[in-house]
Amino acid sequence: MRPNRVSRRSLLAATAGMVGVGGIRTEGKRGTNHVVVFGGSPDTIIEYGLTVSGRLRKSGRSGGAPIADRHVTEDDEDRISGGGTHASGAVAGGGDAYRYTGRIVRFRVSPSSGRAGELNVYRNGRRVRPDELGDNPAAETPIEFVNCDTARVTGNFRSVRMHTSFWDESGLGTNVLFQGPVSGTTTIHPAAAHDHYPFAIDTLSVDTRELRTPGQPAKFTADNPYAGPWCRERGLPNHLVVFGGSPRNVVQYRFAVSGKVRKSGRSGGAPIADRHVTKDDEDTITGKRVRGAVAGGGDAYRFSGELRRFRMDGDATVYLNGREIKPDGGGGDGGDGEEPTRRIEFLDCDRARVTGAFERVAISTTWYASDGVATSYNEIGPVSGRTRIDESNVGDVAGVSGFVITDVAAFESGAAEPTISKRNPNLKACLRRVRPEKVSASAEGCTATDDGGTVTFVYRNPNDEALLVRSELVGASSTAPPDELRPGRHSFTARWNPTSPDERLRWRLDMRPFGYENQITATGPTAAECGVTTGAETTGQTTDRTTEATAEGTTERSEPTTDSAGTTAEPATEESEPSGNPESTTEDVPATTETPSETT
């Protein structure tokens, strides 16, 4: 649904979106607090900004965070402004630390930091998520922020309200947008309302009532921890850096792109400090064409589409997206306008590569949650050249033990159908590789009681996490078997009231949601083997009655029959049933009535 817009523009300062409003969350009314931001790598620069209600200053200590003090740096790129209330900076493998009074009223971090393992934030020695910080956090709300411009809402709501920022030729502007109703899990990405310019969702609100005005109270409101100045780069995914020359050796260059282009003040992974990347008057952008010169420093540009017709008069170094290229027309990725071959390649179960220029790339993934198969869907773009698809951009897979990229589709601008798409050719094997290991179950023993008997069942879960399975006892028992199977070896005892000597109690576990075709069944001994008295017995033994005809009439003769001695409980079995999951997550095993299963 296309959102409704209330206001088109309100020009703001460069720090817009950094100072927040909302309720109060305190972490230290008195004394001094300590916050540490660390992570990233030389190839993954993570930018951040935070505002406090008191005052802050740089610190060279880790303050209880698991990072050595020597890795906590004080760099020129880290700035304190707003009279000591605001700090901004970047980390690229090290850490930045601050001491502050009051509370953190706003915390922002660049979107790449949302990936597991790339960013760590510690407040007073305790690790926190970006969406937990600030006066209006997204934690514990039905709102989840994916990146600068995308959020998910879970639940049924009549109205959604968004405060957004966008960047166009006139600079930075803001919008207030309304959308609704929504139900289930809804992805919020108001791209159509921003005329294809880069934008960010600063704040999102949802309510079961209709929201009509910007300041109207809502049931749930959350700030986007990934919204910040870096979101301007989202629509310009490529980064070109030219540096070299000298004051006596000015190197001139010119190039063209197939999309949009603008100047940047960042090195983008090139081996030059940001402070040496300049914005000079002699560098000009005319539409899609750029002319410039370097004389010992560097020039940087962000652009969309492909790099074309790069020419340079002199000797300088050129980096494209963190890799050095030769100035021969675009680093071999398009030349003078020739499009690279468009293709999708699967490099592994959880890695793929898209080659070519596309407006968006759709990625479908599958993994296993505690209760079975789970899926996610994510879109990235625009992209050009070679784009790697992995854990950093496939969507919500943080913290899972393993995932599989199932499908990748690439779309041209405005296209409803994919230009190219591909399914993982090794999907079946990949899903088997990431699914949880199979649980084993068996009957350990049985005991006769005054009012029936009991059977003890044992299971072993070889996984590190508990699994939620459908579980049932087949037989005369009122005991509820466990549905949560904890890691390791565990047992439980079930009450049993059999009605015949040859009756057995069975425990059946349904592992089909985890990609296993057959159910797991553990079968106990017979009632007779356990010495359990049943309703059909009166003397502890059964009798076979036969009828004899004699000269004196008809008589009955009773002969005792006994069960064979030394019998034990049957091992756990797998019962073959039609799988409820038609996807290729099932094993290719022949269907049998009962086949032995691994027991503990």
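Arg504 is found in strand E40, which covers residues 504-510, strands being DSSP runs of at least two residues, numbered from the N terminus. The model is a predicted one, in which local features need pLDDT of at least 70, side-chain atom pairs count only at pLDDT 80 or more, and totals for chains, interfaces and linings use all residues. Residues are numbered from 1 along each chain as its sequence is written, and side-chain values use heavy atoms, with hydrogens and water left out.

The C-alpha atom of Arg504 is separated by 7.0 Å from that of Gly475, although the two residues are 29 residues apart along the chain. The side chain of Arg504 also reaches the backbone oxygen of Gly524, at 3.2 Å.

Glu503 lies in the loop between strand E39 (488-496) and E40. Glu503 is buried (under 20% relative accessible area, with a 1.4 Å probe and protein chains only), yet Glu503 has no salt bridge, that is, a side-chain nitrogen of Lys or Arg within 4 Å of a carboxyl oxygen of Asp or Glu. The nearest side chain of opposite charge, Arg506, is 8.5 Å away, while the side chain of Glu503 reaches the backbone nitrogen of Thr499 at 2.9 Å.

Elsewhere, the structure holds two cavities of 30 Å³ or more, a cavity being a set of points on a 1 Å grid over the protein atoms alone where a 1.4 Å probe fits but cannot get out. The largest cavity has a volume of about 50 Å³, and its lining (residues with an atom within 4 Å of a point) includes Arg106, Phe107, Arg108 and Asp223. Strand E8 (residues 104-109) gives the most to this lining, with three residues.

Technical notes:
Helices (H or I, at least four residues) and strands (E, at least two) are DSSP runs, numbered from the N terminus. A polar contact is a pair of N or O atoms within 3.5 Å; within protein, one must be able to donate a hydrogen and the other to accept it, and residues adjacent in sequence count only if both atoms are side-chain atoms. On a 1 Å grid over the protein atoms alone, a cavity is a set of points where a 1.4 Å probe fits but cannot get out, and a pocket is an open set with protein on both sides within 12 Å along at least five of seven lines; lining residues have an atom within 4 Å of a point. Grid points are joined across faces, edges and corners, and a volume is the space filled by probe spheres set on the points. Buried means under 20% relative accessible area, exposed over 50%, partly exposed in between (1.4 Å probe, protein chains only). Lys and Arg count as positive and Asp and Glu as negative; His and the chain ends are not counted.
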